[in-house]
Amino acid sequence: MIRSADIALEAKGVVRRYSLGKGLWFGGGGRFVQAVAGVDLAVKRGETLAIVGESGCGKSTLARMLLRLEAPDEGEVWFDGADIGKLSERQMRPLRRKLQIVFQDPFASLNPRMTLGEIVEEPLRVHGLGNAAARRQRVREMLELVGLGSARLDRYPHEFSGGQRQRIGIARALVAGPEIVVGDEPVSALDVSVQAQVINLLQELKAKLGLTLVVITHDLGVVRHMADRVGVMYLGRMVELGPTDTIFAEPRHPYTQALLAAVPKPDPRQRGQGRLLEGDLPSPANPPPGCRFHTRCPHVADRCRSVEPVLEDDRADHATACHRWREVGVRTPVVEAAPSAARRRRDALWLAARRRQEAAVAASSQAEGRHQP
Ligand SMILES: Nc1ncnc2c1ncn2[C@@H]1O[C@H](COP(=O)(O)OP(=O)(O)OP(=O)(O)O)[C@@H](O)[C@H]1O
Ligand code: SF4
Ligand SMILES: [Mg+2]
């Protein structure tokens, strides 16, 4: 159980539906996609929480609701003592600078007609922070922090590489001093070697600035190296949530087991042991009744077809939404395939970043301890 004082942001039963259009006859049948179908999620202050799941399972929609880029149709999102899902745009304005996002595609997310200086300064202007000189100074500091200290402010996005653009996106997200940053696939559009640098940068900035990070990703390598906890989504629902090490060592939900089993194994004796995911993701416009995973689950039983399992937490904060997780048991631990040289380099960089982060956190808690009366 997470103590409420430790919660930075919390979604309670959030639902988001998108209309599928009006249809041809009599105004259509009101068909809709339920992109997020009732998710509870508490994000702990200072943690890195990863959200994983197949394409279309609702990860980005959930993230947009957490940041109030869109309002939930049902449920609540609590931040800074308010249900931000219910706030007006005007009431939201002072909170916006505390909730920021880093997008997947650094080519699409930066305005091509704005210069580097204007792009990074814009959030400060929008929130009325500082005068022109102070803003310019802050932009310079941010660019220094993200490793672009020597870049000329009058250059345009197309003059930068993919990795540099993502650094600009990060500088822009951080310039107004956010508390929570969501990265929606923040490195998946980048080259593998650049991915490591950007992940490292996010980790370092997180430690330095005391941020809370939510990272949406398809890459289980990113999860393993970056995240303190991981939430697994399936068809609009959270099906498993817990500490990253626990989820990798003891995945309980058959869907999580299948995701991890799909990671290729180096040892030929282990190949074929993990059961891979069969069949397509059902349409979120017409989800299966009962457990949404039952059409693809190797352990399906009668009650799974009619009764939807709830996310049950244990004392180690490992939550699972499956009627049969105790019977299904833990699958073979997952061992990744022999990594490529690029992957090994990336892993080494991540490891180094993680150690630096842990050292920084330890040093700051020691410093805090010294200041206790
Ligand atoms: N604005 C929208 N209008 C209609 N349907 C939408 C909209 N946004 C998302 N959806 C639908 O909602 C579902 C969840 O979409 P979402 O983008 O949240 O998934 P995702 O897990 O982020 O997928 P990906 O990994 O591909 O980014 C999908 O079926 C998607 O088609
Ligand atoms: S509830 Fe049933 S169908 Fe769903 S994951 Fe568990 S065993 Fe499989
Ligand atoms: Mg997405």
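**Exercise 1.** In this predicted model, determine the order of the eight strands in the open sheet and state which are the edge strands.

*Solution.* Step 1. The open sheet is built from eight strands in the order S6-S7-S8-S3-S9-S10-S12-S11, and its pairing is mixed. Step 2. Strand S6 (99-102) and strand S11 (312-313) each pair on one side only, and these are the edge strands. Step 3. S6 runs parallel to strand S7 (residues 180-184), to which four bridges join it. Step 4. Across these two strands, Ile101 has Val182 of S7 as its bridge partner.

**Exercise 2.** Classify the orientation of helices H3 and H4 and describe their contact.

*Solution.* Step 1. Two packed helices are described by the angle and the distance between their axes. Step 2. The axes of H3 (residues 116-126) and H4 (residues 132-145) come within 9 Å and cross at roughly 120 degrees. Step 3. Angles of 65 to 115 degrees count as roughly perpendicular and those over 145 as roughly antiparallel; H3 and H4 are therefore oblique to each other. Step 4. The crossing of H3 past H4 is right-handed. Step 5. H3 contributes Gly117, Val120, Glu121, Leu124 and Arg125 to the contact, and H4 contributes Arg135, Arg138, Val139, Met142 and Leu143. Step 6. By class, the residues of this contact are five nonpolar, one polar and four charged.

Technical notes. Residues numbered from 1 in each chain as written. Chains lettered and ligands numbered in written order. Predicted model: local features only at pLDDT ≥ 70, side-chain atom pairs only at ≥ 80, totals over all residues. Pairing = 2+ DSSP bridges. Axes fitted to C-alpha atoms, helices over the stretch in contact; angles between N-to-C directions. Parallel < 35°, antiparallel > 145°, perpendicular 65-115°, else oblique. Left-handed = near helix turned anticlockwise from the far one by under 90°. Contact = placed C-beta atoms within 7 Å. Nonpolar A, V, L, I, M, F, W, Y, C, P; charged D, E, K, R; others polar.
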